[in-house]
Amino acid sequence: MERGFIFSLLAVFSVISLSIYIITHHYNHNNRHPFLPSPSPPNSLISKSDDRIWPKLELNWRIVMATIIGFLGSAFGTVGGVGGGGIFVPMLTLIVGFDTKSSAALSKCMIMGASASSVWYNLRVPHPCREVPILDYDLALLFQPMLMLGITLGVALSVVFPYWLITILTILLFSGTSSRSFLKAIEMWKEETIMKKEMERPREPTVNSRGELLIDTYEPLIPKEEKTPMQIFLFNLRWEKLMALIVVWAAFLALQIIKNDVVACSTSYWVITIIQFPVALAVFGHECVKLYKESKKRKSMGNPESVCEAAIDWTGPHLTFCAVCGILGGTVGGLLGSGGGFILGPLLLEIGVMPQVASATATFVMMFSSSLSVVEFYLLQRFPIPHALYLMVVSITAGFWGQFYIRKLVAVLKRASIIVFILSAVIFTSALTMGVIGIDRSIRMIHNHEFMGFLEFCSSQ
């Protein structure tokens, strides 16, 4: 299954690379074509789309619509473990009226607020079927450094890539992951239906050799101890692994802050950028060695229990697959202004993580990645504080209540596939909104003869 998943992701980038080759080579002879620079003054049209537009925070229909859409997007996005950045960016741009860069920054604020409240809620929820934390710290340590490394690459590529290419990437990638998640949800729904029918089927009474009626009145000798919310909270916390995640987060934050104060493309700039690779690979490698050794040890002892929530053997190819998907998820997150959950959420389901744990772990990882971007955007003064605080309050409230009601619904109906259906719906909605907006803007750029080629990295910083 994971081979098919990564094959679909690589197919997306192959299509994009082919489109790049055709367009750049076919139109290279015509400098007046829309995909090449026009003879107008430099940045004359581009600057209009890059100007900072910050509307005032006041009660009107725009802020009311933004509140409703932001609440629903945060509620369903955190339940699905995808954040909802693909919904927030178009909402902030079209309805509220922010420019694209400010919308992406505010989207990160909303993702951070929603994911933080979801993590707080999940810390007080027990695991559905095992005596382990509902947050899988091993998977978080495995994916977080690669996700943050990918975000760094994605932000750099967003400066270079033309808008039409980002639109193609959004449509293909989001459509692929949403359809894959939808098929996964249907499969889980069918399995749950069969399981419910088996449980509801009345058991036939049995008799022994003497004709005596036997009644199954088995009860466990030791009843399961009910834990208090505080006991569950403390049990779900793993301070050693949590501190390791915080150290990685702080290291990337420090490097980003230092990099913002140096000249783009200078020697110091490239040294700081390169340092992020050994930092991420060191943490990822340490976790890989741990998972590989523990998995090999259990397999040699005949223990079928998985090392973590993922139902796969931690071999070299599987670890490489996780590394590639982690970097890819972060790259897409940095490129599109989302939290990377559009890759991480479906990926956790692909490797066998149950929906409740996949949702909790994905939002846990997104809390770190989105907060890293928020701090960086704050230092760069990319978003207005009043709007950020208001939208964060909305997303925090939505994240908490979304988790509360959907978890109750899953418990009542006994169908965890509901979470996967929500994940698929949020990704599909994001593909629809961002795709329509991207196509419309690309058409307008062609009509206005705006520059639609690749920008130089150093001059665009």
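This note goes through the predicted model point by point, from the overall fold to single residues.

1. **Basis.** The model is predicted, so local features are taken only at pLDDT of at least 70 and side-chain atom pairs only at pLDDT 80 or more, whereas totals for chains, interfaces and linings use all residues. Residues are numbered from 1 along each chain as its sequence is written, and side-chain values use heavy atoms, with hydrogens and water left out.

2. **Overall content.** The protein chain has 15 helices and two strands, where helices (H or I, at least four residues) and strands (E, at least two) are DSSP runs numbered from the N terminus. Of its 461 residues, 49% count as buried; buried means under 20% relative accessible area, exposed means over 50%, and partly exposed is in between, with a 1.4 Å probe and protein chains only. Among contacts (heavy atoms within 4.5 Å) between residues at least 6 apart in sequence, 82% join residues at least 24 apart.

3. **Nonpolar cores.** A nonpolar core is here a set of buried Ala, Val, Leu, Ile, Met, Phe, Trp, Tyr and Cys residues joined through side-chain atoms within 4.5 Å. The largest such core has 75 residues, and those with the most contacts inside it are Tyr137, Leu139, Leu142, Phe143, Phe174, Leu348 and Phe364. Helix 6 gives the most to this core, with ten residues. Apart from this core lies another, of 19 residues, which includes Phe98, Leu106, Met110 and Phe377. As for Leu142, its contacts, leaving aside neighbours within four places in sequence, are Phe284, Glu287, Cys288, Leu291, Trp314, Leu319 and Cys322.

4. **Helix 6 against helix 9.** Helix 6 (residues 137-160) and helix 9 (residues 239-260) pack at an angle of about 5°, with their axes 10 Å apart; axes are lines fitted to C-alpha atoms, for helices over the stretch in contact, and angles run from 0 to 180 degrees between N-to-C directions. The two helices are therefore roughly parallel to each other, given that angles under 35 degrees count as roughly parallel, over 145 as roughly antiparallel, 65 to 115 as roughly perpendicular and the rest as oblique. Among the residues making the contact are Tyr137, Leu141 and Met148 of helix 6 and Leu245, Trp249 and Phe252 of helix 9. By class, this contact has twelve nonpolar, three polar and three charged residues, where Ala, Val, Leu, Ile, Met, Phe, Trp, Tyr, Cys and Pro count as nonpolar, Asp, Glu, Lys and Arg as charged, and the others, Gly among them, as polar.

5. **Helix 13 against helix 14.** This pair packs at an angle of about 175°, with axes 14 Å apart, and the two helices are therefore roughly antiparallel to each other. Gln356, Ser359, Ala360 and Tyr378 in helix 13 meet Ile385, Gln403, Arg407 and Val410 in helix 14. The classes at this contact are four nonpolar, three polar and one charged.

6. **Helix 4.** The twelve residues of helix 4 (residues 85-96) should span 16 Å at 1.5 Å a residue, and the end C-alpha atoms are 15 Å apart, which agrees; the expected span is 1.5 Å times one less than the number of residues. Ten of the twelve residues are buried, including Phe88, Met91 and Ile95. What covers these buried residues includes helix 3 (61-80), helix 5 (100-122), helix 11 (316-336), helix 12 (341-350), helix 14 (385-413) and helix 15 (417-447). Just after helix 4, Gly97 takes a positive phi of about 105°.

7. Val365 lies in helix 13 (residues 355-379) and counts as buried because its relative accessibility is 3%. Not counting residues up to four places away in sequence, Val365 touches Ala140, Gln144, Leu147 and Leu344. Tyr378, also placed in helix 13, counts as partly exposed at 48% relative accessibility. The C-alpha atoms of Tyr378 and Ala105 are separated by 8.6 Å, although these residues are 273 apart along the chain.

8. Lys414, in the loop between helix 14 and helix 15, has a positive phi of about 60° although it is not a glycine, and it is exposed, with a relative accessible area of 55%. Ile443, found in helix 15, is partly exposed, with a relative accessible area of 41%. Ile443 and Trp164 are 279 residues apart in sequence and 9.0 Å apart in space, C-alpha to C-alpha.
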